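Biologist: I have this one open on my screen. Can you walk me through it?

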Amino acid sequence: MRKIYIGFILVFIVLAYLDTTFVPKQVKATTSNKVDQNSNLQSASLLNLENPFQQTKPDTLTWKLLGEIKYVKKPSKDYPDGVMFPIINSSLKQKGKKKIVMSGFIIPIDNVSYALSKNVFASCFFCGQAGPETIMGIKFKGATPKLKTDQYVTLEGVFRYNDDDVNDWIYHVDDAVIVKGAK
(Lines give C-alpha, C1' and ligand atoms only; values in the text may rest on other atoms or scores of the structure.)
Protein backbone atom coordinates (compact mmCIF):
# COMPACT_ATOMS: atom_id res chain seq x y z
CA MET A 1 0.00 0.00 0.00
CA ARG A 2 2.87 2.35 0.82
CA LYS A 3 4.34 1.85 -2.70
CA ILE A 4 1.04 2.96 -4.25
CA TYR A 5 1.04 6.20 -2.24
CA ILE A 6 4.66 6.90 -3.19
CA GLY A 7 3.76 6.23 -6.81
CA PHE A 8 0.83 8.68 -6.65
CA ILE A 9 3.03 11.33 -5.06
CA LEU A 10 5.70 10.93 -7.75
CA VAL A 11 3.11 11.15 -10.53
CA PHE A 12 1.61 14.26 -8.89
CA ILE A 13 5.06 15.93 -8.64
CA VAL A 14 5.84 15.17 -12.31
CA LEU A 15 2.44 16.51 -13.43
CA ALA A 16 2.88 19.65 -11.32
CA TYR A 17 6.33 20.24 -12.83
CA LEU A 18 5.08 19.72 -16.39
CA ASP A 19 2.07 21.93 -15.75
CA THR A 20 4.21 24.85 -14.58
CA THR A 21 7.00 24.38 -17.15
CA PHE A 22 5.10 23.98 -20.39
CA VAL A 23 2.66 26.90 -20.34
CA PRO A 24 1.35 27.93 -23.79
CA LYS A 25 2.35 31.49 -24.78
CA GLN A 26 -0.77 32.27 -26.82
CA VAL A 27 -4.18 30.82 -27.44
CA LYS A 28 -5.14 30.69 -31.12
CA ALA A 29 -8.38 32.26 -32.20
CA THR A 30 -11.09 29.94 -33.39
CA THR A 31 -14.47 30.65 -34.92
CA SER A 32 -16.25 29.63 -31.72
CA ASN A 33 -13.83 31.39 -29.37
CA LYS A 34 -12.79 34.85 -30.60
CA VAL A 35 -9.51 35.70 -28.85
CA ASP A 36 -7.10 38.47 -29.79
CA GLN A 37 -3.95 36.65 -30.94
CA ASN A 38 -1.72 39.51 -29.77
CA SER A 39 -2.88 39.34 -26.17
CA ASN A 40 -0.94 37.37 -23.62
CA LEU A 41 -3.24 34.94 -21.90
CA GLN A 42 -2.47 32.89 -18.85
CA SER A 43 -3.38 29.25 -19.03
CA ALA A 44 -5.09 27.38 -16.23
CA SER A 45 -2.82 25.42 -13.96
CA LEU A 46 -3.65 22.36 -11.91
CA LEU A 47 -1.81 23.77 -8.90
CA ASN A 48 -2.18 27.46 -9.79
CA LEU A 49 1.60 27.93 -9.48
CA GLU A 50 3.57 30.57 -11.38
CA ASN A 51 6.11 29.40 -13.95
CA PRO A 52 9.46 29.64 -12.14
CA PHE A 53 11.29 30.20 -15.45
CA GLN A 54 9.14 33.15 -16.55
CA GLN A 55 10.92 36.53 -16.72
CA THR A 56 9.51 38.83 -14.03
CA LYS A 57 11.60 42.00 -14.33
CA PRO A 58 12.92 43.40 -17.63
CA ASP A 59 16.68 43.45 -18.19
CA THR A 60 18.30 46.87 -18.57
CA LEU A 61 20.38 47.19 -21.71
CA THR A 62 23.24 49.67 -22.07
CA TRP A 63 24.77 51.24 -25.14
CA LYS A 64 28.14 49.87 -23.98
CA LEU A 65 26.78 46.32 -24.18
CA LEU A 66 25.22 46.99 -27.61
CA GLY A 67 28.59 48.37 -28.75
CA GLU A 68 30.37 45.08 -28.00
CA ILE A 69 29.92 43.85 -31.55
CA LYS A 70 32.14 42.50 -34.31
CA TYR A 71 31.57 42.24 -38.04
CA VAL A 72 32.45 39.70 -40.71
CA LYS A 73 32.46 40.36 -44.46
CA LYS A 74 30.18 37.98 -46.37
CA PRO A 75 28.62 38.09 -49.84
CA SER A 76 24.90 38.69 -50.07
CA LYS A 77 22.23 38.74 -52.75
CA ASP A 78 22.29 42.54 -52.98
CA TYR A 79 26.06 42.94 -52.47
CA PRO A 80 27.99 40.22 -54.36
CA ASP A 81 31.37 41.74 -53.42
CA GLY A 82 30.47 41.36 -49.78
CA VAL A 83 29.08 43.41 -46.94
CA MET A 84 29.79 43.56 -43.22
CA PHE A 85 27.39 41.37 -41.21
CA PRO A 86 27.20 41.82 -37.42
CA ILE A 87 28.23 39.10 -35.02
CA ILE A 88 26.01 39.53 -31.97
CA ASN A 89 27.70 38.78 -28.64
CA SER A 90 26.39 35.92 -26.53
CA SER A 91 25.11 38.21 -23.73
CA LEU A 92 22.79 39.96 -26.18
CA LYS A 93 21.70 36.72 -27.83
CA GLN A 94 20.45 35.54 -24.43
CA LYS A 95 18.32 38.68 -24.14
CA GLY A 96 16.67 38.12 -27.53
CA LYS A 97 12.85 37.99 -27.36
CA LYS A 98 12.91 39.06 -23.70
CA LYS A 99 11.61 42.22 -22.04
CA ILE A 100 14.19 44.95 -21.73
CA VAL A 101 14.49 48.57 -20.63
CA MET A 102 16.57 50.96 -22.75
CA SER A 103 17.16 54.72 -22.68
CA GLY A 104 18.23 57.02 -25.48
CA PHE A 105 17.42 59.91 -27.78
CA ILE A 106 14.50 59.84 -30.22
CA ILE A 107 15.53 60.15 -33.88
CA PRO A 108 12.78 60.49 -36.51
CA ILE A 109 13.22 58.14 -39.47
CA ASP A 110 10.25 59.24 -41.56
CA ASN A 111 6.77 60.63 -40.94
CA VAL A 112 5.62 57.58 -38.97
CA SER A 113 8.63 55.79 -37.48
CA TYR A 114 11.36 56.54 -34.97
CA ALA A 115 14.63 55.07 -33.75
CA LEU A 116 16.30 55.17 -30.36
CA SER A 117 19.86 56.52 -30.51
CA LYS A 118 22.83 56.61 -28.17
CA ASN A 119 23.57 60.12 -29.47
CA VAL A 120 21.55 63.21 -30.34
CA PHE A 121 20.56 63.76 -33.96
CA ALA A 122 23.60 65.98 -34.72
CA SER A 123 25.96 63.11 -33.76
CA CYS A 124 23.87 60.10 -34.73
CA PHE A 125 24.63 57.17 -36.98
CA PHE A 126 23.26 58.93 -40.07
CA CYS A 127 25.76 61.81 -39.71
CA GLY A 128 28.78 59.51 -39.70
CA GLN A 129 29.65 60.12 -36.05
CA ALA A 130 28.79 56.61 -34.84
CA GLY A 131 28.20 53.04 -36.00
CA PRO A 132 24.98 51.12 -36.67
CA GLU A 133 25.20 49.56 -33.20
CA THR A 134 24.33 52.97 -31.67
CA ILE A 135 20.74 52.95 -32.92
CA MET A 136 17.69 50.73 -32.37
CA GLY A 137 14.54 50.48 -34.43
CA ILE A 138 11.33 51.03 -32.45
CA LYS A 139 7.93 49.41 -32.95
CA PHE A 140 5.50 50.87 -30.46
CA LYS A 141 2.76 48.86 -28.81
CA GLY A 142 -0.45 50.43 -30.04
CA ALA A 143 -0.48 53.84 -31.70
CA THR A 144 2.82 55.60 -32.33
CA PRO A 145 3.11 58.52 -29.91
CA LYS A 146 3.99 62.04 -31.01
CA LEU A 147 7.66 62.54 -30.18
CA LYS A 148 10.25 65.28 -30.64
CA THR A 149 13.73 64.93 -32.12
CA ASP A 150 16.38 64.44 -29.39
CA GLN A 151 13.73 63.78 -26.74
CA TYR A 152 15.39 61.55 -24.10
CA VAL A 153 13.15 58.60 -23.20
CA THR A 154 13.27 55.25 -21.48
CA LEU A 155 11.48 52.45 -23.30
CA GLU A 156 10.30 49.08 -22.12
CA GLY A 157 9.70 46.43 -24.75
CA VAL A 158 10.88 43.17 -26.29
CA PHE A 159 14.47 43.06 -27.52
CA ARG A 160 15.16 41.65 -30.96
CA TYR A 161 18.45 41.48 -32.82
CA ASN A 162 19.11 41.08 -36.53
CA ASP A 163 22.27 39.43 -37.78
CA ASP A 164 21.25 38.41 -41.29
CA ASP A 165 19.45 41.32 -43.04
CA VAL A 166 21.87 44.10 -43.99
CA ASN A 167 18.98 46.36 -44.97
CA ASP A 168 17.51 46.47 -41.45
CA TRP A 169 18.60 47.72 -38.02
CA ILE A 170 20.86 45.46 -36.00
CA TYR A 171 18.84 46.04 -32.81
CA HIS A 172 15.10 46.54 -32.25
CA VAL A 173 12.67 47.25 -29.43
CA ASP A 174 9.29 45.71 -30.27
CA ASP A 175 6.02 46.35 -28.38
CA ALA A 176 7.72 49.45 -26.96
CA VAL A 177 6.11 51.59 -24.28
CA ILE A 178 7.61 54.85 -23.01
CA VAL A 179 8.10 54.49 -19.25
CA LYS A 180 10.01 57.73 -18.69
CA GLY A 181 10.40 60.97 -20.63
CA ALA A 182 6.98 61.18 -22.31
CA LYS A 183 5.48 64.66 -22.55
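Biologist: Phe-140, buried or exposed?
Modeller: Phe-140 counts as buried, at 13% relative accessibility. Buried means under 20% relative accessible area, exposed over 50%, and partly exposed in between, with a 1.4 Å probe and protein chains only.

Biologist: What sort of model is this?
Modeller: A predicted one: local features need pLDDT of at least 70 and side-chain atom pairs pLDDT 80 or more, while totals for chains, interfaces and linings use all residues. Residues are numbered from 1 along each chain as its sequence is written, and side-chain values use heavy atoms, with hydrogens and water left out.

Biologist: Back to Phe-140. Which strand does it lie in?
Modeller: Strand E6, residues 135–140. Helices (H or I, at least four residues) and strands (E, at least two) are DSSP runs, numbered from the N terminus.

Biologist: And what does Phe-140 touch?
Modeller: Leaving aside residues up to four places away in sequence, Phe-140 touches Tyr-114, Pro-145, Leu-147, Leu-155, Asp-175, Ala-176 and Ile-178. A contact is heavy atoms within 4.5 Å.

Biologist: How far apart are the C-alpha atoms of Phe-140 and Val-177?
Modeller: They are separated by 6.3 Å. Along the chain, the two residues are 37 apart.

Biologist: Tyr-114 was on that contact list. Which strand holds it?
Modeller: Tyr-114 is in E5, residues 114–117. Both faces of E5 are covered. Tyr-114 and Leu-116 are buried on one side, Ala-115 and Ser-117 on the other.

Biologist: How many bridges join E5 to E6?
Modeller: 3 bridges, and the two strands run antiparallel. Two strands pair if DSSP finds at least two bridges between them. Ala-115 has Gly-137 in E6 as its bridge partner.

Biologist: New topic. How many salt bridges?
Modeller: The structure holds 2. A salt bridge is a side-chain nitrogen of Lys or Arg within 4 Å of a carboxyl oxygen of Asp or Glu. One of them pairs Lys-95 with Asp-59, with 3.6 Å between the closest N and O atoms.

Biologist: Zoom out. How many helices and strands?
Modeller: There are 3 helices and 8 strands. From the N terminus, the order is α-β-α-β-β-α-β-β-β-β-β.

Biologist: What share of the residues is buried?
Modeller: 31% of the 183 residues.

Biologist: What share of the contacts between residues at least 6 apart join residues at least 24 apart?
Modeller: 60% of them.
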